[in-house]
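Here are some notes for a first look. Please keep the structure open while reading.

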2 protein chains.
Amino acid sequence: MSVSMKGNVIVGQSGGPTAVINSSLAGVYKTAMDRGANKVYGMLHGVQGLLEERVVDLADHIKSDLDIDLLKRTPSSFLGSCRYKLPDIKDGTELYDKIFKILEKLEIEYFFYIGGNDSMDTIKKLSDYALLNGSQIRFMGVPKTIDNDLAVTDHTPGFGSAAKYIASITKEVIRDGLVYDQEQVTLLEIMGRNAGWLTGAAALAAGEDCEGPDMLFLPEITFDVDGFMKKVTDLQKVKKSVVVAISEGVKVADGRYVCELTDNIDYVDAFGHKQLTGTSRYLAQRISREMGCKTRAIEFNSLQRCASHIVGRVDITEAFQVGGAAVKAAFEGETGKMIILKRVSDDPYICVTDIYDVHKIANVEKKVPREWINEDGDYVTQEFVNYVRPLIQAELTPIMVDGLPRHLRLEDV
Amino acid sequence: MSVSMKGNVIVGQSGGPTAVINSSLAGVYKTAMDRGANKVYGMLHGVQGLLEERVVDLADHIKSDLDIDLLKRTPSSFLGSCRYKLPDIKDGTELYDKIFKILEKLEIEYFFYIGGNDSMDTIKKLSDYALLNGSQIRFMGVPKTIDNDLAVTDHTPGFGSAAKYIASITKEVIRDGLVYDQEQVTLLEIMGRNAGWLTGAAALAAGEDCEGPDMLFLPEITFDVDGFMKKVTDLQKVKKSVVVAISEGVKVADGRYVCELTDNIDYVDAFGHKQLTGTSRYLAQRISREMGCKTRAIEFNSLQRCASHIVGRVDITEAFQVGGAAVKAAFEGETGKMIILKRVSDDPYICVTDIYDVHKIANVEKKVPREWINEDGDYVTQEFVNYVRPLIQAELTPIMVDGLPRHLRLEDV
């Protein structure tokens, strides 16, 4: 590869992290440096930090090949993240003017943003503004989200590792549920506000050595509390330990979240998303009260997005690739696009990258298709499992130091 | 080793499982077979299943060296467990007569019970009864418990892996807590009803790449809710993301558990132990209400005892060794004893097995010494860390099949 000198690059991370979001950062950084970038800046806490000119020169923080490999294995967003929604351009350009002034001061030519739906909205608006104002800065989106709800792309980096983690611990919890010879209902509460990809991934626990969960409830299907209670009661007549996976985002017919049937709502983020919690606890209390058996409500919680001690190698490699592909595309002149993954084949699994207009991706949610959920609405189909299975394959072993996984920490800046 | 033929062996698992309790089962089984046992039976669900003559011939279920290695990596208790308390012998021997009749029918000569405090009470009583009635059956205890609260032994198999898991995910959650540039308090609720060994283990997260948790609250220290609130408030003046680990078993001055300040108590087990839950949620609600910042209550839950996807090799090896040592001792004529671990040296870590009178171990709880907790009662000392550090060393890689850790399942019996 012949390398011609390029200008300055800036990269940010936005929205909830994944276990592999830093692999995408490594992909952007390493590819940009390899392809002749002058400087690669990192914005701290996304555009929110950029507005305060909180940026670092990544070369001061990623100093060796070992650092690259540690970064790939580091949970959370190395640069910090934000949930910051840019206003519509038609409502005033003050904020945009400020951002572009900062970018010009830093002599930025390429801008990369690693994120999900909301973050692609930022890429869309910034690239629109650049176009309207004759700026030559190129804006590219790098997909990430454990939720797998981005449109167009076959799947999103981060989903595979979260699915692998969920399926692995679901196997463990199912074995644990059988330890005592007593009736017990275990409820696994899984992330995914509107899309049930992660809840469905619990089905992958089923195999030669595991019964799998008994039922799965995805947010795509209206949840019927009484129907649920009847199903659990019937199940417990034939087996003592019942294990049910349920999305934090299931809603009843009147539109309320199940967790809103309790009083545990206390936080709404900048995009107006409610922070959900309490679905499994509410249902566990009802089961305990009405059926009188032991219950256990297990919230998988933020470990779903930060359990870097068990990540998938397919996932972490693809996360790196989409970062690298974004740099390549931008250096070749693309802007206002997001890198997508295109599956060529299921078995053997083959997947390539492509680029796609971010306007058709931003703010669109990809849900689990109805035909990948069974008729009763309480499990996923074999097609769903076949789709997810290749994404959880292989492992990237943690780098263990003194008994614990080693991470790369952004030193005080 | 010259092998003389031995009679029949029976082994059971009792109390809460650990991630390595099946390694002890493997140690008992393999050592007994290697040393000439005729048959090795497994009792299903401990003495509770034994009373119903629910036993299996382990040779039908552990068929190869691969099975032994899968068994070591299998979470939960392979044979099932129970929380069954034998009556005092002086209150009547009916139950004992029944157990011994079943053991005689199976021609058992050696009885092994893998468990914690309560399970050693069973070994104590059965060996006493044998002595009183001239039975030649030998009874040996094999220590396990994630809680590390068994007396005399330096530590218990199971604790090291739970500590490794807790420290690993604490590191991940600490990084995750820094993702947004906002004030946040994260509360980690950790198992250990009366002993704070596991909560203290969160301190091992601190190192070159991690700040560690900010405070730790062990059940050995009376918990002061108002003092806690003040400490958290003061901490948040100097850092945005505060992470606190707290034992599920902390109690306030009047003797109530913190979780009893809520209404979430709904289950008491056969030993009269309350099932605890809600400590972190209660405190998170108070912080949210009084300080107005974002909170996250993370219950580490049953994964602490069943996360076999990340176990320590030191721990799993010792778990196997105590099983094997129990067989060796019983075959040499010992009874009414438990295997203990004796630490010879911290660095390099050297630890050997020994045998000890179970009467001095049963029903005694080993707590964290006051001098291993700091004066303010909100952290552990370096001595504590030095004690735990060797126990979390090294890894036993899961056997991954089709993307997930493989387990050995007890087929339907």
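1. A residue is buried if 20 or more other C-beta atoms lie within 10 Å of its own, exposed if 12 or fewer, and partly exposed in between, with C-beta atoms placed from the backbone. Helices are DSSP runs (H or I, at least four residues), numbered from the N terminus. In helix 3 (residues 65–72) of chain B, the buried residues are Leu70(B), Leu71(B) and Lys72(B). They pack against helix 1 (21–34) and helix 11 (313–331) of chain B. Contact here requires C-beta atoms, placed from the backbone, within 7 Å.

2. This is a predicted model: local features need pLDDT of at least 70, side-chain atom pairs count only at pLDDT 80 or more, and totals for chains, interfaces and linings use all residues. Residues are numbered from 1 along each chain as its sequence is written, while chains are lettered from A and ligands numbered from 1 in the order in which they are written.

3. Now chain A. Helix 1 (residues 21–34) of chain A packs with helix 11 (residues 313–331) of chain A at about 40 degrees, their axes 7 Å apart. Axes are lines fitted to C-alpha atoms, for helices over the stretch in contact, and angles run from 0 to 180 degrees between N-to-C directions.

4. Residues of helix 1 of chain A in this contact include Leu25(A) and Val28(A); those of helix 11 of chain A include Phe320(A) and Ala326(A).

5. Ala326(A) lies in helix 11 of chain A. Ala326(A) counts as buried because it has 31 C-beta neighbours inside 10 Å. Beyond its neighbours within four places in sequence, Ala326(A) contacts Val28(A), Phe112(A), Met140(A), Val142(A) and Ile339(A).

Note on methods:
Helices (H or I, at least four residues) and strands (E, at least two) are DSSP runs, numbered from the N terminus. Two residues are in contact if their C-beta atoms, placed from the backbone, lie within 7 Å.
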